[in-house]
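Work through the exercises below with the sequence and the model open side by side. Try each task before reading its solution.

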Amino acid sequence: MKKLLPLLVLSFLAGCASQPFQPVPEGYTGPTASVADSYRALSSSKVEFFYVEAIDEHPVDNSRFRSLAANRGRGMTMAPVGQQRDLPADKSVRLALVARTEYAAPILALTREVFQVKGPLEFTPEGGKRYVVKGVLGADRSAVWLEEEGSGKPVGQPIEAQGSAKLGLFDK
């Protein structure tokens with residue numbers, strides 16, 4: 001019995017592992033739209049990311065985390081990686097949008113300015129359309145928003161920082 005207990009615990013824990021959230025359910029055959037993250041490379045080591053952090057309060061893979069993972073161990077350089085995801089169309093969704101400064105190496109983030117603004121946006125995507133997360137980060141203004149690709153038409157209101165969006169040392 002003592003030898004079986006560790007195996008039972010491991011089996012239970014393995015069964016608790018959750019699958020990543022899929023905004024389009026398996027077997028869904030209706031219309032879809034896509035939402036893409038964007039970024040602005042300001043130098044070889046500094047990038048501003050504009051991305052979806054969560055959909056209907058479920059965390060999702062995004063360009064910031066993909067870029068950090070892909071560039072781990074590269075020192076002071078970062079090559080940003082894009083990310084997009086599909087959504088069922090004609091159904092209201094709640095996105096958590098984020099705009100954030102990121103650096104190739106953690107020491108750079110500790111010694112330089114990092115700006116971040118985030119907030120919710122509820123909207124109903126239209127089938128066949130592609131939406132892009134956009135933003136601006138700076139001492140004077142920081143905001144993140146969603147817009148239709150091509151037309152540049154904004155979706156909802158921008159999420160803007162009230163006051164400075166500069167993160168403190170322990171928030172980075």
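**Exercise 1.** Decide whether S45 is buried or exposed in this predicted model, and list what S45 touches beyond its sequence neighbours.

*Solution.* 
- Step 1. Locate S45: the loop between strand 2 (38–41) and strand 3 holds this residue.
- Step 2. Take its relative accessibility, which is 16%.
- Step 3. Apply the cut-off: buried means under 20% relative accessible area. S45 therefore counts as buried.
- Step 4. Look for the contacts. Leaving out residues up to four places away in sequence, S45 touches M76, M78, E102, Y103, A104 and L108.

**Exercise 2.** State how many helices and strands the protein has, and give their order.

*Solution.* 
- Step 1. Count the elements: three helices and 10 strands.
- Step 2. Read from the N terminus on: α-β-β-β-β-α-β-β-α-β-β-β-β.
- Step 3. Of the 172 residues, 38% are buried. The protein exposes about 10100 Å², and carbon and sulfur atoms supply 55% of that area.

**Exercise 3.** Find which residues of helix 2 are buried and what they pack against.

*Solution.* 
- Step 1. Go through residues 63–70. The buried ones are S63, R64 and S67.
- Step 2. Recall the helix geometry. An α-helix has 3.6 residues a turn, so residues three or four places apart point the same way.
- Step 3. Identify the partners. The buried residues of helix 2 pack against strand 2, strand 3 and strand 6.

**Exercise 4.** Describe the largest nonpolar core: which members touch the most others, and which strand gives the most residues?

*Solution.* 
- Step 1. Take the 23 residues of this core. Those touching the most other members are V35, V52, L95, L97, F123, V133 and L146.
- Step 2. Sort by element. Two or more residues each come from strand 1 (32–36), strand 3, strand 6 (93–103), strand 7 (116–123), strand 8 (130–136), strand 9 (143–148) and strand 10 (154–160).
- Step 3. Pick the top contributor: strand 6, with four residues.
- Step 4. Follow one member, L146. Not counting residues up to four places away in sequence, its contacts include V35, L95, L97, F123 and V133. L146 also touches K153, P154 and V155, among others.

**Exercise 5.** Which residues form a nonpolar patch on the surface?

*Solution.* 
- Step 1. Name the members: M76, I107, L110, L169 and F170.
- Step 2. Give their accessible area together: about 580 Å².
- Step 3. Inspect F170. This residue is in the segment after strand 10, and its relative accessible area of 82% makes F170 exposed.

Technical notes: Residues are numbered from 1 along each chain as its sequence is written. This is a predicted model: local features need pLDDT of at least 70, side-chain atom pairs count only at pLDDT 80 or more; totals for chains, interfaces and linings use all residues. Side-chain values use heavy atoms; hydrogens and water are left out. A nonpolar core is a set of buried Ala, Val, Leu, Ile, Met, Phe, Trp, Tyr and Cys residues joined through side-chain atoms within 4.5 Å. Buried means under 20% relative accessible area, exposed over 50%, partly exposed in between (1.4 Å probe, protein chains only). Contact means heavy atoms within 4.5 Å. Patches are made of residues with over 30% relative accessible area and no salt bridge: like charges are joined within 9 Å, nonpolar side chains (Val, Leu, Ile, Met, Phe, Trp, Tyr) within 5 Å. Accessible areas come from the Shrake-Rupley method with a 1.4 Å probe; for residues, only the protein chains shown count as cover. A salt bridge is a side-chain nitrogen of Lys or Arg within 4 Å of a carboxyl oxygen of Asp or Glu.
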